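Please keep the sequence and the structure at hand while reading.

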Amino acid sequence: RENAQPCAHLRLAHPRCSVAQPGRARLTEHTKAVMLLDVPQEWFALALVAAPLLVTLCFVRRIANRPDHAQAVNLFVYPIKSCAEVAVQSATATPRGFEGDRLFQCTDKHGKYCTPRDDDKARLFKVSPRYEGESLVLRAANMPELRLARDAIAARVQCEVLCAPKPLTLLDAGDEAAAWLEAATQIPGVRLTGLPRDSDRVVVVNQDQGDAVPTSGAAPVSLADEAPFLLTSVESLADLNARLKARGKAAVDMQRFRPNIVVGGLLPWEEDTIKRLAIDGVEFHAWQRCGRCKMTTIDRQTLKHGPEPLATLSTFRERDHGQRNFGMHLVPAEGWAGAGRVSVGGRLEVLEYHEERRAEWLRLFRGQ
């Protein structure tokens, strides 16, 4: 061009462009061509400055579109320990767990808890209990529905409860419930037993984790293994599944980990770093990480055991004493009394971080 400034030549390749005239382009449907454009140097310099700014702007806009806080995305209650879960939109948090959570267990004819960890008891997963008013309703495939009064008591019996240091007094729900469960699970002599309202079971220290109970007084607990609540995060599950995929293994779902509260909006494994939190204003201590057992390796559809996800967790989440951790055990905060309502969508507020666990998380997962 006449009187043009010095130019930089910029080649642009586009699958839908072809050269029609010098300096001009027209679109075609299937042609790939290379076009030579004369661009003034000032324009070219401006483009070099503007490009990173545009990239930054896009990144900021992308961040702005993300949720600005963590929140509860799923809540679960397990009326009978080791049986199927009930997804709920809200639940009442009490000092010993969500109302109705793990108030019953299946007990064998010797008075010992039944667990799907034993191959011959995996059918417990197929029992679907739920509360309807003052009734506990049991359902299973090819079985008639059974409706029981929640407070039905046939006898007080001494039973072994997993993680309890000594046998507990539980309430036997009677022969009708026992016959139904035996037919549904094929466990000979199985009984349905429940926790009395006046139970004095409390949280005890897990020596393999080594974390002291975070309250000065006793912390009540239901028939749950170790703590009143278990929290997990969708981001940690996504990270685990990415690692499983990299190893050529199938993904797993959150059902494997049996949480009460599933949160979203954290970074992967960031739940490790929390010391105190609140959800919908209900305050909790994030007590200890949850060491996972072989129950996580059972496919809930086929009831078959496999090595995953424990094998993959062992590669990056194993601590002392073989604790392969996924999720955090919660204990209601000291001084909090009564009951509070937690709902799906409830905001998670971090009240205090655990500095030692946070430093470990930064080192392991953030490269700091």
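In which sense do β11 and strand β12 pair, and over how many bridges? In this predicted model, β11 and β12 (residues 146-149) run antiparallel to each other, and four bridges join them.

**Strand β11 and its partners**

- Strand β11 spans residues 135-139, and because four of its five residues are buried, this strand is largely enclosed by the rest of the structure.
- β11 is also joined to strand β10 (residues 128-132), again in the antiparallel sense, through five bridges.
- Val137 of β11 has Arg130 standing opposite, and in β12 its bridge partner is Arg147.
- The hairpin of β10 and β11 has two residues between the strands, and Gly133 in this hairpin takes a positive phi near 65 degrees.
- The hairpin formed by β11 and β12 has six residues between the strands, and Asn142 in its turn has a positive phi of about 60 degrees.

**Helix α2**

- Helix α2 covers residues 175-185, and its buried residues are Ala177, Ala178, Trp180, Leu181, Ala184 and Thr185.
- The exposed residues Asp175 and Glu176 are carried on the face of α2 that is turned away from the buried side.
- The cover over the buried residues of α2 includes strands β9 (104-107), β11, β12 and β15 (191-194).
- Gln186, which follows α2, has a positive phi near 60 degrees.

**The four-stranded sheet**

- Four strands form an open sheet in the order β9-β15-β14-β13, with antiparallel pairing. Strands β9 and β13 (155-159) stand at its edges with a single partner strand each, so one side of each of them is left without a neighbour in the sheet.
- Ignoring direction, neighbouring strands of this sheet are turned against each other by 45 degrees on average.
- Within the sheet, β14 and β15 pair in the antiparallel sense over two bridges, and Leu171 stands opposite Gly194 in β15. Helix α2 packs on this sheet, where it touches β9 and β15, and its direction makes about 125 degrees with that of β15.

- In soluble globular proteins, nonpolar side chains tend to be buried together.
- The largest nonpolar core in this model has 28 residues, and those with the most contacts inside it are Ile80, Cys106, Leu138, Leu170, Trp180, Leu181 and Leu192. At least two residues of this core come from each of β9, β11, β12, β14 (168-172) and α2, and the largest share, four residues, is supplied by α2.
- Ile80, when its neighbours within four places in sequence are left aside, is in contact with Phe104, Gln105, Cys106, Pro129, Leu136, Leu138 and Leu192.

- Beyond its neighbours within four places in sequence, His329 is in contact with several residues, among them Glu226, Phe229, His285, Trp287, Arg289 and Cys290.
- Gly340 lies in strand β21 (residues 340-343) and counts as buried, because its relative accessibility is 13%, under the 20% that marks a buried residue.
- Although Gly340 and Ala93 are 247 residues apart along the chain, their C-alpha atoms are separated by 5.2 Å. Leaving aside neighbours within four places in sequence, the contacts of Gly340 are with Ala91, Thr92, Ala93 and Val282.

**Cysteines**

- A search of the whole structure finds zero disulfides. Cys163 is in no disulfide, and the nearest cysteine sulfur, which belongs to Cys293, is 9.0 Å away, whereas a disulfide would need the two sulfur atoms within 2.5 Å.
- Cys293 is likewise in no disulfide, with the sulfur of Cys290 as the nearest cysteine sulfur at 8.1 Å.
- Cys163 counts as partly exposed at 38% relative accessibility, and Cys293 also counts as partly exposed, at 26%.

Terms used:
Residues are numbered from 1 along each chain as its sequence is written. This is a predicted model: local features need pLDDT of at least 70, side-chain atom pairs count only at pLDDT 80 or more; totals for chains, interfaces and linings use all residues. Side-chain values use heavy atoms; hydrogens and water are left out. Buried means under 20% relative accessible area, exposed over 50%, partly exposed in between (1.4 Å probe, protein chains only). Two strands pair if DSSP finds at least two bridges between them. Contact means heavy atoms within 4.5 Å. A nonpolar core is a set of buried Ala, Val, Leu, Ile, Met, Phe, Trp, Tyr and Cys residues joined through side-chain atoms within 4.5 Å. Axes are lines fitted to C-alpha atoms, for helices over the stretch in contact, and angles run from 0 to 180 degrees between N-to-C directions.
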